[in-house]
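Trainee: I am new to this structure, and I would like to learn how to read its features one at a time. Could we begin with the general idea behind each feature and then turn to the case at hand?

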Amino acid sequence: MPDQLSTTSQRRRASRAAAASPSPPPPAPVAQTPGPRASRLQAVFEQALARTLRANSFANFSGCFPTPATHVPGSLESVWRQLNAKLEESAKAEFEDILHERDAIGQLNELDRLVGEARFRRDNYDKEGEGEGGVVAPHTLSPDELYKARLAPYLQEAQEALDVKIETTHAQNEELSQKVQAQRMEIDSLLKNLEAVVGDLEGAAAAASQFTSENDLRKDAIQMEEELRTRSEK
């Protein structure tokens, strides 16, 4: 009798501790029975396979082998049935292997569970994010959600500061681009003026050369006239 009382009290203490514990209960194991999405995936596969088999009808198959279709149609139809059966068997076996390797049923069932939880939270929480039982308890969140919630304000502040710096840099680059463009236009104008001055200098040099040659001829003519005058006086 004392042993029974001790066992009963221990069970009561354990139940009280479990009720008072803030830790969330362990997640339920993911069922391997196909859920809505897994069932839909299998249905889509069955439909696609059925369309493929219907496309490989005996009429289409026999059209590829006209001689056996004419002489031994029964044997050709038996081969066609065996081929379709083998194709269906191989496709289903490969599909099952893919489901097993990727754990597709378990993953899709987990997705169904997450979607159900999200819909429950959406339907039971008001616009401020508080439900009938208050805000979401932090210990019910996953580690990934916790650290993202912790870092979100700092990341938002850093993103805003970075956006301001990027906008400032863009404005400075635009201003520098306008200055460079104005300097290029000024350089082009100076080059055009310089070309005009060079042309004027070349023209002046040509005129000076021509004047020098004409002046030399005039001097020669005057000298010849003086020599002739001197001779005539003698």
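Mentor: Let us start with helices, which are DSSP runs of H or I with at least four residues, numbered from the N terminus. Please keep in mind throughout that this is a predicted model.

Trainee: By what part of a helical turn are lysine 92 and glutamate 88 separated?

Mentor: Because they are four residues apart in helix H5, lysine 92 and glutamate 88 are separated by about one helical turn. The two form a salt bridge, in which the closest N and O atoms are 3.2 Å apart. Lysine 92 is partly exposed at 32% relative accessibility, and glutamate 88 is partly exposed at 29%.

Trainee: How many salt bridges does a search of the whole structure find?

Mentor: A salt bridge requires a side-chain nitrogen of Lys or Arg within 4 Å of a carboxyl oxygen of Asp or Glu, and the search of the whole structure finds seven. One of them joins aspartate 112 to arginine 37, with the closest N and O atoms 2.5 Å apart. This pair links distant parts of the chain, since aspartate 112 lies in helix H6 and arginine 37 in helix H2, 75 residues apart.

Trainee: Is aspartate 112 buried or exposed?

Mentor: Buried means under 20% relative accessible area, so aspartate 112, at 16% relative accessibility, counts as buried.

Trainee: Which residues are linked with Arg113 in a network of salt bridges?

Mentor: Glu110 and Glu117 are linked with Arg113 in that network. Within it, the side chains of arginine 113 and glutamate 117 meet at 2.5 Å, N to O.

Trainee: Which residues make up the largest nonpolar core?

Mentor: In soluble globular proteins, nonpolar side chains tend to be buried together. Here the largest nonpolar core has six residues, namely Phe45, Leu49, Leu53, Phe95, Leu99 and Ala104. Helix H2 (36-55) and helix H5 (73-102) each give two or more residues to this core, and the largest share, three residues, comes from H2.

Trainee: What does asparagine 84 touch, not counting residues up to four places away in sequence?

Mentor: Asparagine 84, which is found in helix H5, touches Leu53 and Asn56 on that count. With a relative accessible area of 11%, asparagine 84 is buried.

Trainee: Where does aspartate 103 lie?

Mentor: Aspartate 103 lies in the loop between H5 and helix H6 (104-124). Although it is not a glycine, aspartate 103 has a positive phi of about 50°, and its relative accessible area of 32% makes it partly exposed.

Key. Residues are numbered from 1 along each chain as its sequence is written. This is a predicted model: local features need pLDDT of at least 70, side-chain atom pairs count only at pLDDT 80 or more; totals for chains, interfaces and linings use all residues. Side-chain values use heavy atoms; hydrogens and water are left out. A nonpolar core is a set of buried Ala, Val, Leu, Ile, Met, Phe, Trp, Tyr and Cys residues joined through side-chain atoms within 4.5 Å. Buried means under 20% relative accessible area, exposed over 50%, partly exposed in between (1.4 Å probe, protein chains only). Contact means heavy atoms within 4.5 Å.
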